[in-house]
Amino acid sequence: MKYYDKQFIDGVWREGSGDKIMENRNPYTGELIYSYRSASTQDVDDAYEAAKRAQPQWGATLPEERRTYLKRLAQVIREMESEIFQLLAEESGGTRAKFGFEYGDSLKVIDDAMGYHMMMDGRIMPSNIPGKDNYVFKIPKGVICVIAPFNFPLLLSLRSVVPAIACGNTVVLKPSTETPGSAFLIAEMFEKAGFPHGVLNVVAGRGSEIGDYIVSHPVPSLISFTGSTEVGQHIGKVAGELLKDVSLELGGNQVMIVLDDADADQAARAAIVGAYSHQGQICMALNRVLATPKVYDDFIKAFVKYSKEVKVGDPFDQQVSIGPLINRQQAEKVEERIRETIQAGAKVELEGKIEGSVVYPWILSGVTNDMCAARCEMFAPVCSVIPVKDEEEAIRIANDTEYGLSNSIFTKDLYKGLQLARRLESGMVHVNDQSIHHEPHVMFGGEKNSGVGRFNGHWVVDKFTTEKWISVQRTDRY
Ligand code: NAD
């Protein structure tokens, strides 16, 4: 990596002018990886000005030119594969398996965006006024602010940045303070791919210093935010007062419903992936399993058995599936929530150790939906199993949450699975699979407090563009 300690503004690497030196530590070893001076509000102004200056020319590039830039970006990412893995493992504790998913989908996001110019089509519409033609053009929104979370810092930044740029917008990206290195790495990728100055700008700094400023700034017309529901609601409020458009991809509290006719062993194997991938720090991670009487015991037995086989530890170890949480405070918060749930009457089926920032798998059974571990987004390898008497109760309990992102149902009756999926109040449901899915050409997004807006394909093109009506009067009207 070229620079760990600089901001990227208008194609220039420069020191931030904020008042704090920020330190980033490896969540597994606790070692200092790098430090940098935070961005100030002046840096944010400069980044937005650069993006605003660059946009008209970038928006006017020919579709084929933009496609060529994106092809080069994908090529650069392929060349930087080992460097990217190194940073993601060091900075965010991501394992090799998690890297495979994040890296692969990042490339697919770019691949898909190469065709977005084809979706920027307009319409010619008839007029009731003689001699008039109506044209509706789809045009870039202008400058877009992208705010990214810590858990998939490469993919979830690129998932917004790449479509925005493919549609002719320019971008200011603000990463999480936990993972700014990944955003600096993205800036380096754009630089190597030869994008014009100002098309992508990266400012990293404290939320308290630049957070609200970056959202309420007059330049961006859309805030594309991925992160927690709490911060998303705040951003929605700030942006709403200023009549700025938002795309909010927020938290989740997923269920897997396992019905009497399901293969309990299959469901348990799937639950391992759903609950423990990236140590459970995924918006779509499995938080609760709702099992009906005939499968309840078999499911728990298999789930515990497979959970014991999962290797936990150093993310650089190829055999490890569960690395550290993003920091020690997060592990402490999780421990507190587990204790509270046990005190409320849950039974511990599998007691995971907690060592510093590393949390081993925990399985709690006999949980009721009002207990802490069932209500909160745990964001850790902790899963609550809730007994339900039938599918009606399962649907009621599954929907009894503020969230509505992604859910799953296991049943051998595929048609029943489809019909029950339609009754789940979430943006995504997977029948006979676990809850974590992302296919860059398929719609992605949540309901209720899990977000506003949809990603990928024409959904993201619609969000990242606006429409403009131009009428032309061919004959004298007055
Ligand atoms: P977070 O909300 O704490 O932070 C997200 C980003 O917002 C960070 O860049 C942070 O610095 C920034 N931020 C914080 N306060 C801000 C403010 N006042 N103004 C502007 N920016 C501000 O989330 P996190 O801990 O990084 O990520 C975990 C959360 O994200 C979980 O709840 C998870 O479910 C959610 N998430 C959702 C999706 C999705 O697609 N729905 C994907 C990944 C993560």
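## The largest pocket

About 1200 Å³ of space lies in the largest pocket of this structure. The model is a predicted one. In total, 49 residues line the pocket. Pro149, Phe150, Gly227, Ser228 and Val231 are the lining residues nearest its centre.

Several elements give two or more residues to this lining: helix 5, helix 7, strand 10, helix 8 and helix 11 (328-343). Helix 8 gives the most, with six residues. By class, the lining holds 23 nonpolar, 15 polar and eleven charged residues.

## The ligand in its place

Where does the ligand sit? The ligand sits in the largest pocket.

The shell has 28 residues. Ala148, Lys174, Ser228, Leu250 and Glu377 are the closest to the ligand. Sorted by class, the shell has 15 nonpolar, eight polar and five charged residues.

## Polar contacts and cover

Arg159 has a side-chain N or O atom 3.0 Å from an oxygen atom of the ligand. Leu250 uses its backbone instead: an N or O atom there lies 2.7 Å from a ligand nitrogen.

On its own, the ligand has 850 Å² of accessible area, and the protein covers 86% of that.

How values were computed:
Residues are numbered from 1 along each chain as its sequence is written. This is a predicted model: local features need pLDDT of at least 70, side-chain atom pairs count only at pLDDT 80 or more; totals for chains, interfaces and linings use all residues. Side-chain values use heavy atoms; hydrogens and water are left out. A residue is near a molecule or strand if one of its heavy atoms lies within 4 Å of it. A polar contact is a pair of N or O atoms within 3.5 Å; within protein, one must be able to donate a hydrogen and the other to accept it, and residues adjacent in sequence count only if both atoms are side-chain atoms. Accessible areas come from the Shrake-Rupley method with a 1.4 Å probe; for residues, only the protein chains shown count as cover. On a 1 Å grid over the protein atoms alone, a cavity is a set of points where a 1.4 Å probe fits but cannot get out, and a pocket is an open set with protein on both sides within 12 Å along at least five of seven lines; lining residues have an atom within 4 Å of a point. A molecule sits in a cavity or pocket if more than half of its atoms lie within 2 Å of its grid points. Ala, Val, Leu, Ile, Met, Phe, Trp, Tyr, Cys and Pro count as nonpolar, Asp, Glu, Lys and Arg as charged, and the others, Gly among them, as polar. Grid points are joined across faces, edges and corners, and a volume is the space filled by probe spheres set on the points. Helices (H or I, at least four residues) and strands (E, at least two) are DSSP runs, numbered from the N terminus.
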